[in-house]
Amino acid sequence: GVTIANAGTATGFGDTNYFSTTGFSTYIDTTQTITSGAETTLPFNTERYDLGSAFDTSAYTYTPPSNGYYMFSFGVSFRGGANTNLARCNVGMKKASSTYQDWEKDFSASYVLNANTAATIFANVSDSDAYKVYVNITDQSGNPQVLGTITNSYFEGYRIA
């Protein structure tokens, strides 16, 4: 039942604020050069906030503190190693060591110098597995980069229900 008291307080509406204990926002603080064609966990090493202290900045993973539905979002900016030779960019999220979701951009018909990807994922969390973001970028002439700073490459999320 729902109760509305004379003092103006309301209870029983089911509006639990999960954000206060599950919200996190991280980013890569400097541009990272990665090996072309190799899967790489992205080093989200700087926290804007970590409510509930569930993000590990040394393993670059988020372990949800409770079961429920979570919204995760990330954005990643890439740059070719030289000239305009980015051929393919895969980016995805892993749950434990298994791919949860993955996206690919294929530029092999017309190589580019810069690219970016952003995604939002809703996950039904029912265990204590860690989540992380990874890339696999192929460059035709060198080792590509993942651009750092708060506006280029970020990973964030919170429990919604």
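Author: Start with asparagine 45, in the loop between E5 and strand E6 (46-50). Strands and helices here are DSSP runs, numbered from the N terminus: at least two residues (E) for a strand, at least four (H or I) for a helix. Residues are numbered from 1 along each chain as its sequence is written, and side-chain values use heavy atoms, with hydrogens and water left out. The model is predicted: local features need pLDDT of at least 70 and side-chain atom pairs count only at pLDDT 80 or more, while totals for chains, interfaces and linings use all residues.

Reader: Why is asparagine 45 called partly exposed?

Author: Its relative accessible area is 28%. Buried means under 20%, exposed means over 50%, and partly exposed lies in between (1.4 Å probe, protein chains only). The value of 28% falls in between, so asparagine 45 is partly exposed.

Reader: Which residues does asparagine 45 contact?

Author: Leaving aside neighbours within four places in sequence, they are Tyr27, Ile28, Asp29, Thr57 and Tyr60. Contact means heavy atoms within 4.5 Å. Asparagine 45 and tyrosine 154 are 109 residues apart in sequence, and their C-alpha atoms are 9.9 Å apart in space.

Reader: What makes threonine 26 buried or exposed?

Author: Threonine 26 is placed in strand E3. Its relative accessible area is 1%, so it counts as buried.

Author: In phenylalanine 24 and tyrosine 62, the ring centres are 4.1 Å apart and the planes are at 20°. Rings of Phe, Tyr and Trp (its six-membered ring) pair if their centres lie within 6.5 Å; planes under 30 degrees apart count as stacked, over 60 as edge-to-face and the rest as tilted. Phenylalanine 24 is buried at 0% relative accessibility. Tyrosine 62 is buried at 0% too.

Reader: What makes phenylalanine 72 and phenylalanine 155 a tilted pair?

Author: Their centres are 6.2 Å apart, and their planes are at 35°. The distance passes and the angle belongs to the rest, so the pair is tilted. Phenylalanine 72 lies in strand E9 (residues 68-79) and phenylalanine 155 in strand E15 (residues 154-159), 83 residues apart. Phenylalanine 72 has a relative accessible area of 0% and is buried. Phenylalanine 155 is buried as well, at 0%. One aromatic cluster includes Phe24, Tyr62, Phe72 and Phe155.

Reader: Which residues have the most contacts inside the largest nonpolar core?

Author: They are Phe72, Phe74, Phe78, Val135, Val146 and Phe155, in a core of 29 residues. A nonpolar core is a set of buried Ala, Val, Leu, Ile, Met, Phe, Trp, Tyr and Cys residues joined through side-chain atoms within 4.5 Å. E9, strand E10 (86-95), strand E12 (114-125) and strand E13 (131-139) each supply at least two residues of this core. Valine 135 touches residues including Ile34, Leu42, Phe78 and Val146, not counting those up to four places away in sequence.

Reader: How do you know that glutamate 39 forms a salt bridge with lysine 94?

Author: Their closest N and O atoms are 2.8 Å apart. A salt bridge is a side-chain nitrogen of Lys or Arg within 4 Å of a carboxyl oxygen of Asp or Glu. The value of 2.8 Å is within that limit, so the pair qualifies. Glutamate 39 lies in the loop between strand E4 (32-33) and strand E5 (40-41) and lysine 94 in strand E10, so the bridge ties together parts 55 residues apart in sequence. Glutamate 39 is partly exposed at 47%, whereas lysine 94 is buried at 12%.

Reader: How many salt bridges does the structure hold?

Author: It holds 2. Lysine 95 forms a salt bridge with aspartate 127, with the closest N and O atoms 3.1 Å apart. Lysine 95 lies in strand E10 and aspartate 127 in the loop between E12 and E13, so parts 32 residues apart in sequence are tied together. Aspartate 127 is partly exposed, at 27% relative accessibility.

Reader: Why is the charged end of arginine 159 said to sit over the ring of tyrosine 18?

Author: That charged end is 3.7 Å from the ring centre. A charge sits over a ring if NZ of Lys or CZ of Arg is within 6 Å of the ring centre and within 35 degrees of the ring normal. Lysine 94 has its charged end over the ring of tyrosine 134, 5.2 Å from the centre.

Reader: What does the secondary structure of the protein come to?

Author: It comes to 1 helix and 15 strands. Buried residues make up 39% of the 161 residues.
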